[in-house]
Amino acid sequence: MGTVYITQEDAFIGKVDERLNVKYEKKTILDVPLIKIDGLVVMGRASISPATIAELVNYKIPLTFLTNKGKYIARLEPEMSKNIFLRSAQWKAMGESTQAIHVSKGFVRGKLKNYRQSLLQAQRRYTELNLSAGITQLESAIANLAQATSIDSIRGLEGAGSAAYFSCFNQLIRVENFQFHTRNRRPPTDPVNSLLSLGYALLRHDVQGAINIVGFDPYLGYLHTERYGRPSLALDLMEEFRPVIVDAVVLAAINRRILVPTDFITEPVSNAVSLTKEGLHKFLRLYQEKKQTKFKHPVMQKQYTYQESFEIQARLLAKYLMGEIEKYPPLVMK
Amino acid sequence: MNNTEYIPIAALNQYAYCPHRCWRMFCAEEFIDNQYTIEGTSLHERVHTLGDSNREDTWQIRAIYLKSEKYQLIGKSDLIELENSEWYPIEYKQGLKGEWDNDELQVCAQALCLEEMTGKSVTTGYIYYAHSHQRQLVEISEELRQSAIATIKSVQNLLETGIMPTATYSKRCQGCSFYNQCLPQVAEKVRRYQEDI
Ligand code: SF4
């Protein structure tokens, strides 16, 4: 079943025996056994009973609250593992340690290589596109990464590589009525940015869940600096997945005309753009489908779903920090 | 961990099966139920309903604490029998006789506790296999005692230092509930892996 998304405003989330039961205007709109759920995301205004919260903790199901536009609000994280040894290895590596530099390079290299891969694929498919400048810039960022000796320089290359990729992003959009200029957030003011932001919020819920299962402290990251209440490690580990999951889903939604301009609404004054309810459902379905898609994991040499690969990457990270493996291999797609 | 902490008897069995597994369960406190452990638990719940009863001339006591100061051991017995003033520890196991001999260590550790608690020597114990309803005799031989004592020392060391034993792939991994967390073959896979440029 995977993650359950509750999008109905004013829904009431309760439990009946060992089932999650969601009601709207006194009618049941969803009823699923808790053992089938591995995450719950509540979008917008809904209420949840204390007994349900207790049961989610009991079943170790993480709960994330987002606004109806996908902005992150809060998260309830059941305690998963008391692995103090992993946490201590995680803390020991903080700052500018060899390990922090190694894994930060890994996260960024994974992301940039996956960016490059999607540009290359698009270039092969649509010969009329001109993506070569972006590809060259990405390649030079990837090459320079190998020499980087500080977290700051890694961040700089990450910024340069991302800028190169997003300068090409508009060309990846194959339909007339959507456009992408630059990445904007808080709030996103065009449909493409609003989808990207929403997708990254959903991805964060999933990656943070995986990190927690493995026993990490999600608030101590390497590439993303600590800031109170920011799950830096989740943001770190998300990097390599952004292009593979979110960007791919956003482009598919637009290019396959699953989402059309009328699926979006623009708020007056702020110009914040978000999905209509109908549009949101379509997008969530696509995202969910993507997570269940299987692929051959390049290190494990076995089929996994993307959902499972979040945990695989988190375990590889743990093994590297614990000294069980000699390098952290980010997920690099072919 | 200091010297006043006791070693759970169950940890010996796990250590003998795989030191890394023992570390995950007792140091990292990762415990993930799978089908086997859940079945195992419910069997133990049944056995552990506290009480005593008489079976012919045998006095049976269920679910009491066993403890040894000498070996710093603590655990709960499934069943203890007293017959002709001889004590026998009996350990319940789900399923058939395992391929590995670690269950015998657990019986031996219980015997060590019983000896200290009763002041009498214990020469025999049993493993009861629920699946086949069969009791298997365990002779508390000198050899078994030595191997139990050596395992106690290793576990004590593990619990004190928390140093993680390496996960080494073996046939046992196939039946191990930690396989998906432990990924014992991954080190080799990472070593061989060549990232695309
Ligand atoms: S999978 Fe193998 S190495 Fe890992 S804990 Fe289990 S038995 Fe030990």
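Visitor: What is the accessible surface of chain B, roughly?
Guide: The accessible surface of chain B comes to about 10,600 Å², with 49% of it belonging to carbon and sulfur atoms; such areas come from the Shrake-Rupley method with a 1.4 Å probe, and for residues only the protein chains shown count as cover. Please keep in mind that this is a predicted model, where local features need pLDDT of at least 70 and side-chain atom pairs count only at pLDDT 80 or more, while totals for chains, interfaces and linings use all residues. Residues are numbered from 1 along each chain as its sequence is written, chains are lettered from A and ligands numbered from 1 in the order in which they are written, and side-chain values use heavy atoms, with hydrogens and water left out.

Visitor: And how much of chain B counts as buried?
Guide: Of its 197 residues, 48% count as buried, where buried means under 20% relative accessible area, exposed over 50%, and partly exposed in between (1.4 Å probe, protein chains only).

Visitor: Okay, new topic: which residues surround the ligand?
Guide: The surrounding residues, each with a heavy atom within 4 Å of the ligand, include Cys18(B), His20(B), Arg21(B), Cys173(B), Cys176(B) and Cys182(B). The shell divides into seven nonpolar, two polar and one charged residue; here Ala, Val, Leu, Ile, Met, Phe, Trp, Tyr, Cys and Pro count as nonpolar, Asp, Glu, Lys and Arg as charged, and the others, Gly among them, as polar.

Visitor: How many salt bridges are there over all chains?
Guide: A search of the whole structure finds 23, a salt bridge being a side-chain nitrogen of Lys or Arg within 4 Å of a carboxyl oxygen of Asp or Glu.

Visitor: What does Glu195(B) pair with?
Guide: Glu195(B) forms a salt bridge with Lys113(A), and their closest N and O atoms are 2.7 Å apart. The pair crosses between chains, reaching from the segment after α7 (186–192) of chain B to helix α3 (residues 98–125) of chain A; helices (H or I, at least four residues) and strands (E, at least two) are DSSP runs, numbered from the N terminus.

Visitor: Is Lys113(A) buried or exposed?
Guide: Lys113(A) counts as buried because its relative accessibility is 7%, and Glu195(B), at 18%, counts as buried too.

Visitor: What about Asp152(A), which residue does it bridge to?
Guide: Asp152(A) forms a salt bridge with Arg155(A), at 2.9 Å between the closest N and O atoms. Asp152(A) is exposed, with a relative accessible area of 53%, whereas Arg155(A) is partly exposed at 27%.
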